[in-house]
Amino acid sequence: MRTWDSEQVGMEGDRQLVGTGKAAAAVGVNPATLWRWERDGHVAAETRTVGGQLRWNIDDLRRQIEAITDTPPTTGPNDVPAGGSEVVGGWDVTHGVGLTALIVAAARAEEAKRPDALAVDRFAAGFVQAAEPAMALAAVDGPVWSAFVGMMAVRTRALDTLILDATTAGIDQIVVPAAGLDARAYRLPWPSGVTVYEIDQPGVLAFKQRVLSDSGAVPHSRYQPVACDLRHDWPSALHTVGFTSTAPTAWLVEGLLPYLSPEVEADLFARITELSAPGSRIGIETLDLVAADEWMHTTAARGFEAATGCVLAEIWDTRRRAAATDVLREHGWQTRSRELGELGAELGRAPTGPAADMARLAAIVDAQRS
Ligand SMILES: C[S@@+](CC[C@H](N)C(=O)[O-])C[C@H]1O[C@@H](n2cnc3c(N)ncnc32)[C@H](O)[C@@H]1O
């Protein structure tokens, strides 16, 4: 490591260098965490000032974080409670539950090609192209994959509408737990003053930011990644980067619940409620776990696995738990739930064939806190 003779943020050759606070904020971790990762040899700073302070190149740091997480997890995604609050070596977008983020991006890329697309995500294809190893998408012209693309399109559109409605009502804090490769911060026409906080594993967010930054994409809101495992203390991580629980928040919980254990899911809703000032709103995709258990053993599920290489039986946790709507009502939210199939019909995309079976599994819950 070469030393650099100023305490200020500056340039090393043509590469911009920043201090630990800025670097940590850019990748969404606490400065103390980044400092500890460096001390323990997980990542290396570009240089050190004569006064001993670390200087970072953010693009390099993102690559290093991706590399740390570039190994398959040895346990199931969310079934074994992780110990401690340190997150080094979560998952990336090519393995296990992380791969599901890439699969959803592939579906959004497919939808974006349609002249009558329900949501045009022009960033989605870039994620699929950048993934290494490349995603083994097979049989993507089959009926099950088409059904899945349709479902993702309806869910994306329904939640786009919900979240933009929330900002029209004056909410300017958006939090997306398990954001994956959702590009809403870059894609939606946010009113000025909105901040989008995205929570996911460090490797997932580092990959996403690298691909977006390489393509020159600029967020349409203030954008703040929060690199944290949802089984850990994510509320503290959120507060550290400027979130306030005194103002109303709009939350998006999309494509997450089936990967959580009953305990982690209960904890998620309790924490969201604690952080939600009156006037907050939440959009959630729920899955009927009894129906999902049956669906996992159907030919359609085999078709999904063949197309995507993702075995849902290995990553869905279908242990029974109280319905999200009941839990939210107990926490004081008013809820409304609609089946994805019903929403699709309203948008001119009534599901048929394998799509109808898949759409019956899922619903979108819209909840408000007064
Ligand atoms: C199916 S993807 C959905 C991503 C995004 N919401 C969307 O709809 O495009 C599931 C996401 O949940 C994230 N996830 C699951 N369990 C998590 C945990 N314990 N901590 C952080 N992220 C988690 C994964 O990393 C992945 O990005």
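View 1. Isoleucine 199 stands opposite valine 226 in S8. The model shown here, and in every view below, is a predicted one. S7 and S8 run parallel, with six bridges joining them. To get from S7 to S8 the chain goes through H8, and this β-α-β crossover is right-handed. Helix H8 (residues 202–214) itself lies across strand S7 (195–200) and S8, at about 145° to S8. Of the six residues of S8, five are buried, so the strand is largely enclosed by the rest of the structure.

**View 2. The seven-stranded open sheet.** Reading across the sheet, the strand order is S8-S7-S6-S9-S10-S12-S11, and the pairing is mixed. Strand S8 (222–227) and strand S11 (333–339) sit at the edges with a single partner strand each, so one side of each has no neighbour in the sheet. From one strand to the next, the twist averages 20°.

**View 3. S9 and S10, with a helix laid over them.** Here strand S9 (residues 250–253) pairs with strand S10 (residues 281–287) in the parallel sense, over four bridges. Look for alanine 250: its bridge partner in S10 is arginine 281. Helix H10 (residues 262–275) lies across S9, S10, S11 and strand S12 (362–369), and runs at about 165° to S9.

**View 4. Inside the largest nonpolar core.** This core has 90 residues, and those with the most contacts inside it are Leu34, Trp56, Phe127, Phe148, Trp295 and Phe304. Helix H6 (residues 143–168) supplies the largest share, 14 residues. Domain 1 (2–68) and domain 2 (96–369) each put in at least three residues. A second, separate core has 29 residues, Leu230, Leu238, Leu268 and Ala324 among them.

**View 5. Who touches tryptophan 295?** Leaving out residues up to four places away in sequence, tryptophan 295 touches Ala300, Ala301, Phe304, Leu312, Trp316, Asp357, Met358 and Leu361.

**View 6. Helix H16 and its packing partners.** In helix H16 (residues 354–361), the buried residues are Ala355, Ala356, Met358, Ala359 and Leu361. Together, the buried residues of H16 pack against H6, S10, helix H11 (289–295), helix H12 (299–308), helix H15 (340–346) and S12. Two of those buried residues, Met358 and Leu361, turn up again among the contacts of tryptophan 295.

Terms used:
Residues are numbered from 1 along each chain as its sequence is written. This is a predicted model: local features need pLDDT of at least 70, side-chain atom pairs count only at pLDDT 80 or more; totals for chains, interfaces and linings use all residues. Side-chain values use heavy atoms; hydrogens and water are left out. A nonpolar core is a set of buried Ala, Val, Leu, Ile, Met, Phe, Trp, Tyr and Cys residues joined through side-chain atoms within 4.5 Å. Buried means under 20% relative accessible area, exposed over 50%, partly exposed in between (1.4 Å probe, protein chains only). Helices (H or I, at least four residues) and strands (E, at least two) are DSSP runs, numbered from the N terminus. Domain bounds come from an automatic or database domain assignment. Contact means heavy atoms within 4.5 Å. Two strands pair if DSSP finds at least two bridges between them. Axes are lines fitted to C-alpha atoms, for helices over the stretch in contact, and angles run from 0 to 180 degrees between N-to-C directions. A crossover is right-handed if, with the strands pointing away from the viewer, the path from the first strand over the helix to the second runs clockwise.
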